[in-house]
Amino acid sequence: MVELHGLSKSFGDLEVLSGIDVTVDTGEVVCIIGPSGSGKSTLLRCVNLLEQPSKGSVFVAGVELTHRDVDIDAARRMLGMVFQQFNLFGHLSVLDNVSIAQRKVLRRGKVEAERIAMDNLAKVGVADKASAYPAHLSGGQQQRVAIARALSMNPKVMLFDEPTSALDPELVGDVLGAMRQLAEEGMTMLVVTHEMQFAREVADRVLFMDRGMLIEQGPPSRVIGDPSHERTRTFLARVLDPAHVDE
């Protein structure tokens with residue numbers, strides 16, 4: 001479903017991604033872990049060309065997004081992205097937030113767009129908030145609305161960029177629960193996360209990145225449970241030890 005070949009990204013003289021090769025199968029859940037500044041978020045942003053790769057190619061469902069002749073707007077419709085911040089329109093209700101892109105981009109009628117919006121709001125557990133405005137929701141509720149909005153565009157792949165990092169700890173579980181359900185339903189997912197327990201339980205594969213490089217990858221039982229690279233071991237020792245939460 002997703003293929004990255006020799007993906008590199010530089011900002012001036014700073015190389016933040018270096019020759020990343022990754023293949024993600026249909027229905028696979030891949031969690032990307034690593035220290036801050038390792039290139040995890042940049043990798044996701046290069047997948048949907050929010051950042052233009054300096055080198056390499058990106059394929060989604062067989063379409064090369066990095067080809068010079070690609071219709072990037074059409075290609076991006078295959079990808080749903082959920083950011084750290086919720087990016088909801090404050091002046092629109094939840095229902096309008098989830099249906100507006102369907103109507104403007106996909107040209108769905110109001111009735112159809114709102115039906116699909118309500119289905120996805122129900123899926124993530126916030127259908128009862130359809131008439132509310134973002135300011136009246138908790139952070140966890142807002143993030144679930146953002147997930148419903150992305151799902152309503154019928155993406156082939158969902159990209160999550162640390163979707164729980166801006167949430168109070170007690171709100172994290174509801175968002176991860178919604179993501180678990182998507183995984184169980186077979187959604188192809190690329191997830192940048194610091195939630196190691198989520199990665200252990202939900203990921204089919206874990207990628208560990210450091211300094212723009214893919215250091216190791218494999219099933220969570222190996223990468224998190226028994227990493228082979230010293231840098232991975234050092235990172236996980238700090239992340240999993242509450243005395244070293246700043247990693």
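Visitor: Which residue in β7 does Val 82 stand opposite?

Guide: In this predicted model, Val 82 stands opposite Phe 160 in β7. That pair belongs to the contact between β6 and strand β7 (residues 157–161), which pair in the parallel sense over 4 bridges.

Visitor: What packs on the sheet there, touching β6 and β7?

Guide: Helix α5 packs on the sheet and touches both β6 and β7, and its direction makes about 170° with that of β6.

Visitor: In what order do the strands of that open sheet run, and which of them stand at the edges?

Guide: The sheet is open and is formed by 6 strands in the order β6-β7-β8-β3-β9-β10, with mixed pairing. The edges are held by β6 (79–82) and β10 (213–218), each of which has a single partner strand, so one side of each is left without a neighbour in the sheet. From one strand to the next, the twist averages 15°.

Visitor: Which strands does helix α6 lie across?

Guide: Helix α6 (residues 169–184) lies across β3 (29–33), β7 and β8 (188–192), and runs at about 145° to β8.

Visitor: How should I read the crossing of helix α3 and helix α5?

Guide: One starts from the approach of the two axes and the angle between them: for α3 (residues 94–104) and α5 (residues 139–151), the axes come within 8 Å and cross at roughly 25°. Angles under 35 degrees count as roughly parallel, which makes α3 roughly parallel to α5. As for the hand, α3 passes α5 in a right-handed crossing.

Visitor: Which residues meet where α3 and α5 are in contact?

Guide: Val 94, Asn 97 and Val 98 in α3 meet Val 145, Ala 148 and Arg 149 in α5. Sorted by class, this contact has 4 nonpolar, 1 polar and 1 charged residues.

Visitor: What is the strand order in the open sheet of 4 strands?

Guide: The order is β2-β1-β4-β5, and the pairing is antiparallel. Its edge strands are β2 (14–24) and β5 (63–64), each pairing on one side only.

Visitor: How many bridges join β1 and β4, and which residue in β4 is the bridge partner of His 5?

Guide: Strand β1 (residues 2–11) and strand β4 (residues 55–60) pair in the antiparallel sense over 5 bridges, and the partner of His 5 in β4 is Ser 57. Helix α1 (residues 40–47) packs on this sheet, where it touches β1, β2 and β4, and its direction makes about 120° with that of β1.

Conventions: Residues are numbered from 1 along each chain as its sequence is written. This is a predicted model: local features need pLDDT of at least 70, side-chain atom pairs count only at pLDDT 80 or more; totals for chains, interfaces and linings use all residues. Side-chain values use heavy atoms; hydrogens and water are left out. Axes are lines fitted to C-alpha atoms, for helices over the stretch in contact, and angles run from 0 to 180 degrees between N-to-C directions. Helices (H or I, at least four residues) and strands (E, at least two) are DSSP runs, numbered from the N terminus. Angles under 35 degrees count as roughly parallel, over 145 as roughly antiparallel, 65 to 115 as roughly perpendicular and the rest as oblique. A crossing is left-handed if the near helix is turned anticlockwise from the far one by less than a right angle, and right-handed if clockwise. Contact means heavy atoms within 4.5 Å. Ala, Val, Leu, Ile, Met, Phe, Trp, Tyr, Cys and Pro count as nonpolar, Asp, Glu, Lys and Arg as charged, and the others, Gly among them, as polar. Two strands pair if DSSP finds at least two bridges between them.
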